[in-house]
Amino acid sequence: MTAGSARPFAAPRLLLLLSLFLVSACAPFGQSQSATKPAQPPGTVKGDVVFLPQDTSSELDPAKTEVKVKPLNSDTELRTVSVKSDTGTDVAVNLQNGEASLKGELGTDTHYTVTATAVVHHKGAADEPETEVTAFSTATTPKIVATNPQSVAKGQSVVLTLAPAASDISVIDGPVDAQLGPDGTTVTLLPKSYTQGQTYSLTLVAKNKAGIAGQPQQATFNTLPPGTAAASPDSGSTNIGVAYPIIVTLSGPPADRAALLNKLTVTVDGSAPASPGTGGCAQYGTSAVPSGPIATNASWVSDRKVRLTPKTPDGYWPAKSTVSLKGTIQGLTSNTGSVFDGNVSTSFTTGDKRLVDVDLSKQQLTTCKNGVQDQQFLISSGTPSHPTYTGSFYIWRRVADEEMKSPEGPFAPDYYDIKHVPWTQYFDGSAALHGAWWHNSFGTPRSHGCVNVQSPTNNTQWPKALPQAEYLWGFNNLGDPVVVHGVTPGLSAASQPSD
């Protein structure tokens, strides 16, 4: 090829080489021209400040999340940076070489606010500061929202409810076995060893579905307290009336009533000799009861209270004797699962067989001691519209100075409110033997169901009234029988109420 034939191709090649040289001269070595374009800063840009993580980010892993704040360009000077949780806790920030950063100081389930103050020098001589704010939230982890039940019996488990669901749990402190439910919303706990009346505490760590572990959480539950029982009359009581029942009160209903009753034994010792009744007290004599175990009638007053009365000829404890109860109930269980951890017992002595006989037909009261009449006088029982009930009762409460108020409201036609009622002895619910200073019509029904007797106490209208209420107060004691019979004047036998 001649020289002249090559020239047409030389100019294009030269232009290509020149073009490649110019491109190379405009870019650093090893970098393409596209790399020279300004890179977009990561995170969120507000004003002249760059924040990382991005504003409104959520469900971040606190262990992996790094907080960074830096100037957007070289003319911006970062002055202050704070990171604060919504609870007001400040997180320490490392501000160095014009940039701020922190890592590993964040917690789960927290909303953080990042506040930065910067000065932009190129905006003017005054260098006015600007404040920019962003926020982010860390991962939501499972929380204990319920513990059910709060108290457990032996062999019973406790269920913790979690929200949101967990992918895994671990107990790092606590004497329990724990198992996560299949849907991740429940944790079943079972004590490794069971002791009644204890509080169990544990520390639980739960991971969310992303595997992020939450803060340690405390949970507590109790084991049922041991079953207990008490008996009345109190041990050591003396001069108790012969009609006073033994009451055994349990902390919880027994799982097996029959088994519990079989564990209760009542004995008597040193009873008074038999004594026939005479006169107005002929039917109230006493009978001797041999020392030793005595049969009883058991009636449940409530699901956890049983009343024991003797199976004697008159239905009363023998006079002037020691009555003892022993209940070997340790080891029995209540229907809630509590185990009775002790036995129950009481021992008391009875006095004379003191009995109050109330004859409604005659409006008359007779006191008997060991079957012998002591006194007899007129009373005022309940009226036909508010009659005194008939039946066999016992004195269960005594109040020397009582206020008696009608259960109906003050606008009821027969409302009453009487203060300073003297020498009150309740024998049938709210019905009582007591002194009455507001009338002198003894022998005629006048009360709302009580048995009124004469008394000079508080009596300004009839200060010479006989001290019959005072006598009864000294004659009787808790547990003394009160027998009410007959028909209230003005009522028929069919309409006379009985207990």
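Reader: Which residues of the largest nonpolar core touch the most other members?
Author: In this predicted model, they are I246, V248, L264, V266 and L325, out of 21 residues in that core. A nonpolar core here is a set of buried Ala, Val, Leu, Ile, Met, Phe, Trp, Tyr and Cys residues joined through side-chain atoms within 4.5 Å. Buried means under 20% relative accessible area, exposed over 50%, and partly exposed in between, with a 1.4 Å probe and protein chains only.

Reader: Which elements give two or more residues to this core?
Author: Strands β20 (246–250), β21 (264–269), β24 (305–310), β25 (322–327) and β26 (344–349) do. Helices (H or I, at least four residues) and strands (E, at least two) are DSSP runs, numbered from the N terminus.

Reader: What is L325 in contact with?
Author: Setting aside neighbours within four places in sequence, L325 is in contact with A231, I246, V248, L264, T265, V266, L308, V344, S345 and T346. Contact means heavy atoms within 4.5 Å.

Reader: And the second core, what does that include?
Author: That separate core has 19 residues, including V358, V451, A469 and V484. In soluble globular proteins, nonpolar side chains tend to be buried together.

Reader: Before I go on, what are the ground rules on numbering and confidence?
Author: Residues are numbered from 1 along each chain as its sequence is written, and side-chain values use heavy atoms, with hydrogens and water left out. Because the model is predicted, local features need pLDDT of at least 70 and side-chain atom pairs count only at pLDDT 80 or more, while totals for chains, interfaces and linings use all residues.

Reader: Back to strands. In what order do the 4 strands of the open sheet come?
Author: The order is β22-β21-β25-β26, with antiparallel pairing. Two strands pair if DSSP finds at least two bridges between them. β22 (292–293) and β26 are the edge strands, each pairing on one side only.

Reader: How many bridges are there between β21 and β25?
Author: There are 6 bridges, in the antiparallel sense.

Reader: Now β33. Is that strand mostly covered or mostly open?
Author: Covered: 5 of the 5 residues in β33 (residues 431–435) are buried.
Author: β33 pairs with β32 (residues 417–428) in the antiparallel sense over 3 bridges, and 3 bridges join β33 to β34 (residues 451–453), which runs parallel to β33. L433 is the bridge partner of Q425, and G435 stands opposite V453 in β34.

Reader: What is in the turn between β32 and β33?
Author: The two strands form a hairpin with 2 residues between them, and G429 in the turn has a positive phi of about 60°.

Reader: Which residues of helix α3 are buried?
Author: In α3 (residues 468–475), Q468, A469, Y471, L472 and F475 are buried. They fall within an arc of 155° seen down the axis, so they line one face of the helix. The arc is that of the directions from the helix axis to the C-beta atoms.

Reader: What covers them?
Author: The cover includes β27, β28 (364–369), β29 (372–378), β32, β33 and β34.

Reader: Different topic. How many salt bridges does a search of the whole structure find?
Author: The search finds 10. A salt bridge is a side-chain nitrogen of Lys or Arg within 4 Å of a carboxyl oxygen of Asp or Glu.

Reader: What does the one between D109 and K143 tie together?
Author: D109 is in the loop between β8 (99–103) and β9 (111–120) and K143 is in strand β11 (residues 143–148), so the pair ties together parts that are 34 residues apart in sequence. Their N to O distance is 2.6 Å. D109 is partly exposed at 31% relative accessibility, and K143 is partly exposed at 30%.

Reader: And D352, which residue does that bridge to?
Author: D352 bridges to K320, with the closest N and O atoms 3.2 Å apart. D352 counts as buried at 18% relative accessibility.

Reader: R397 and E402: buried or partly exposed?
Author: R397 is partly exposed, with a relative accessible area of 35%, whereas E402 is buried at 13%. Their side chains meet in a salt bridge of 3.3 Å, N to O.
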